Each structure stands twice: as structure tokens, then as C-alpha cells.
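Look at the sequence and the model below.

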Amino acid sequence: MFVVVLLWAKWLPYTAKVVGLNESHTWSGSSILGVGGVQPGEAPSWHAATSFLVAYLVAVWKALVAALLISAALQALIPRDWLVRALDRGGRWSGAVAGGLLSTPSMMCTCCTAPVAVSLRRSGASTAATVAYWLGNPLLNPAVVVFLLLVAPWQWTVVRVAVGVVTVVAGAVLVSHLADRRRTAAVAAPGVSGHGQPVGAPVASASSEPAGTKDVALRFLRTLTRMTLVLIPEYLLVVLLIGAFRGWMLPLTQDAVGHGTPTVVAATVIAAILGTLFVIPTAGEIPIIQGLAVLGLPAGVLGALLITLPAISLPSMAMVGRTFGWRLTTATTVLVVLAGLLGGVLLAVL
């Protein structure tokens, strides 16, 4: 299932995209920020909301279908003990590396990878492995790295890969340490598992025991239906809200930023924070940042958005929040903001 749905949704379309970019070396798509004729600073409207939602769904619907199928398969078809052994082979660092490596062939945006991350967590995967998988999909997407090499300055690729690896591996370990440290006293208490996962939390129903084909199919369909009915409505609602307010979210221009160091630093911080809220399809950051570069925005702002725009978003936070816990979700968001600031500094230096 993993191979078939990703061939359809990701691998074959991205291969064709790379072939086209290798010939033109020019990104053909436009920024999703401007879909529907919405201008920077424009007030929220129903037209802005619906036009954004339609454009976004057209771009991601295949990946979203693939994500839901893979997510349901992880919970319903994969034995829980096998998955835990595969991802948690010796502590946080090995778990983070395993989660990051597992994320690279998926190539999903942060929202599409969120259901899979939820399934990993419910199936008993460690915090480090789950966070690394969630962040690794958008940040270490090999297709986007190739896109950047073909259409953007080499510095953009260096920043994306360097900061992405640090964020996915070291960042996931740090967030895991901070999140699990609060549970240290509770881990040894009754009612809490060895992974710091409360007993009774949603976990996969799959076990190591063989089951009949009918039972497996029904379990898979129930899991798929439940995830679709729970996650998709809130996901669409948050995307709709972001579309309505997008005119206010990234109204960055050279005139607004100015030339003084304090204003550039402030703009970089603001860009890093806003970038974590906005939602884009895979590689949607490329036309946005290219457009801002043409306007003359400082390298720090571009570097911050290069990391935070793809890494996380408000809809993906909403989807993982109940399963991850809001403390872990918030800690991951703060990590991404700091990674964006690091990306801004590195791109400014380069």
C-alpha cells in the first residue's frame, strides 16, 4: 500500500516535475498566497477563504488520500510491537534517526503527514521518532531539495538541508527530552507505559496474532472511517480560516521591513513565527520565497520562511494536538520557530 499510493501521489508526479525543471530551471507555479487575486494586507473575506481552500485541496488531495490510507494501515494492519521495535532501537537518538529516515520517501507536506504521525504515536512509537517523522517529511523531502537545486540559489539548498537535519534529529531529541522529562516520575507509576504513554491512550488494534482476511479488512475500514471523520473536518475548517486571513499573514515588503538592523531582525522573527501558522502544499514555499526575494526582502527573512513555511502549520498542529498533547505540540512549534531563526542567520551569512 505504501509503495502503490506514493507512486501515484508523489513519486511519479515529482519525477515528471524534476524532468521539466531540469529543462527550464524556472519554477512554473505561482504563489498560493495570491490565489483568487488576494493582495497583501487585504481584509479577510469569504472569497479569500474559499478560493484558497479550493486551490489548496487541488494541490494536496492525492497526498491527503495517501496519508489517510497509510495512517489507517499503520493502526489496523501493522503489529504494534513490530512497529515499536523498528522505530525505537536504542533510545531517543536512534529513534529520531529512524523517524527521519522513514519520512524521506513519503515526501508529504506537514498537514498530510500529520495523520501518519498520529498513527505512529497511537501505535506506540516514541516521541523522538514521531516528531522526527512529522518534521522530516516536509523539511527533508528529497524532491523539494532537488527542486531547490534546479531553480534557486545553492545557498537555499544548503540552508534547507543543514537546518533540516539538525531540526529533525537533534530537535526531535530535544523536544522528546523536554516532553518526557515531565513524565519521569509518572513512568514508574501504575497506569503509564515504559514509553511515557499513558495506558488507555488510543493504540493500534493490530496484534502479532494472525487474523482472518475479513477481520483485517473491517478493522482497516473502521480505522480509515474514524480518522477521516475526526481529522478532515477540523483540518478543512482551519485551512478555510487561514485562507480568509492570508492577506494579513505575510504582508512583507521591502518598504515594511526597512533597512536598519533592528527592523530586519524584527522582520525575521515575525516571519519565523508566521511561517509556522501558514499552510502550503509541498514545495509551495519556493514561489513564495522567490517572490519575496524579487521584492528585495533580506536574506534573514527568506531563510526563516524557507524552514518554517513547510515544517509546520496551524492545521497540522490541530490534527496532532489531541494525540501528541498540547505541551508537546507547543514545544515542537517553538523548536520550528528557533530553527527558522537559525535558517535566517545561516542564509544571511552565506
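Glu234 counts as buried because its relative accessibility is 19%, where buried means under 20% relative accessible area, exposed over 50%, and partly exposed in between (1.4 Å probe, protein chains only). The accessible areas themselves come from the Shrake-Rupley method with a 1.4 Å probe, and for residues only the protein chains shown count as cover. The model is predicted, so local features need pLDDT of at least 70 and side-chain atom pairs count only at pLDDT 80 or more, while totals for chains, interfaces and linings use all residues. Residues are numbered from 1 along each chain as its sequence is written, and side-chain values use heavy atoms, with hydrogens and water left out.

**Salt bridges**

Side chains of opposite charge can pair when their charged atoms come close. A salt bridge here is a side-chain nitrogen of Lys or Arg within 4 Å of a carboxyl oxygen of Asp or Glu. The structure holds 3 of them.

| Asp81 | Arg85 | 3.7 Å |

Helices (H or I, at least four residues) and strands (E, at least two) are DSSP runs, numbered from the N terminus.

Glu285 counts as buried because its relative accessibility is 1%. Arg160 is buried as well, with 1% relative accessibility.

Asp81 and Arg85 are both in helix α3 (residues 80-87), 4 residues apart, which is about one turn of the helix. Asp81 is partly exposed because its relative accessible area is 36%. Arg85 is also partly exposed, at 49% relative accessibility.

**Pocket and cavity**

Rolling a probe the size of a water molecule over the atoms shows where empty space is left. On a 1 Å grid over the protein atoms alone, a cavity is a set of points where a 1.4 Å probe fits but cannot get out, and a pocket is an open set with protein on both sides within 12 Å along at least five of seven lines; lining residues have an atom within 4 Å of a point. Grid points are joined across faces, edges and corners, and a volume is the space filled by probe spheres set on the points.

The largest pocket contains about 530 Å³ of space. Its lining has 25 residues, and those nearest its centre are Tyr14, Trp27, Ala59, Pro281 and Thr282. Helices α1 (2-24) and α2 (46-76) each supply at least two residues of this lining. The most comes from α2, with 7 residues. By class, the pocket lining has 17 nonpolar, 5 polar and 3 charged residues. In this count Ala, Val, Leu, Ile, Met, Phe, Trp, Tyr, Cys and Pro are nonpolar, Asp, Glu, Lys and Arg are charged, and the others, Gly among them, are polar.

There is 1 cavity of 30 Å³ or more. The volume of the largest cavity is about 60 Å³. It is lined by 13 residues, and Cys109, Pro138, Thr282, Ala283 and Pro310 are closest to its centre. The cavity lining has 8 nonpolar, 3 polar and 2 charged residues.

**Backbone angles**

Most residues other than glycine have a negative phi, and most peptide bonds are trans. Ala283 has a positive phi, near 70°. Ala283 lies in the loop between α12 (261-277) and α13 (285-294). Is Ala283 buried or exposed? Ala283 counts as buried because its relative accessibility is 5%.

His25 has a positive phi as well, near 55°. His25 is in the loop between α1 and α2, and counts as partly exposed because its relative accessibility is 44%.

**Surface and a contact in space**

Leu237, Leu241, Phe245 and Trp248 make a nonpolar surface patch of about 420 Å². Patches are made of residues with over 30% relative accessible area and no salt bridge: like charges are joined within 9 Å, nonpolar side chains (Val, Leu, Ile, Met, Phe, Trp, Tyr) within 5 Å. Trp248 is part of helix α10 (residues 213-249).

Ala304 is in helix α14 (residues 299-311). Ala304 is buried because its relative accessible area is 0%. From C-alpha to C-alpha, Ala304 and Val345 are 8.2 Å apart in space, and they are 41 residues apart in sequence.
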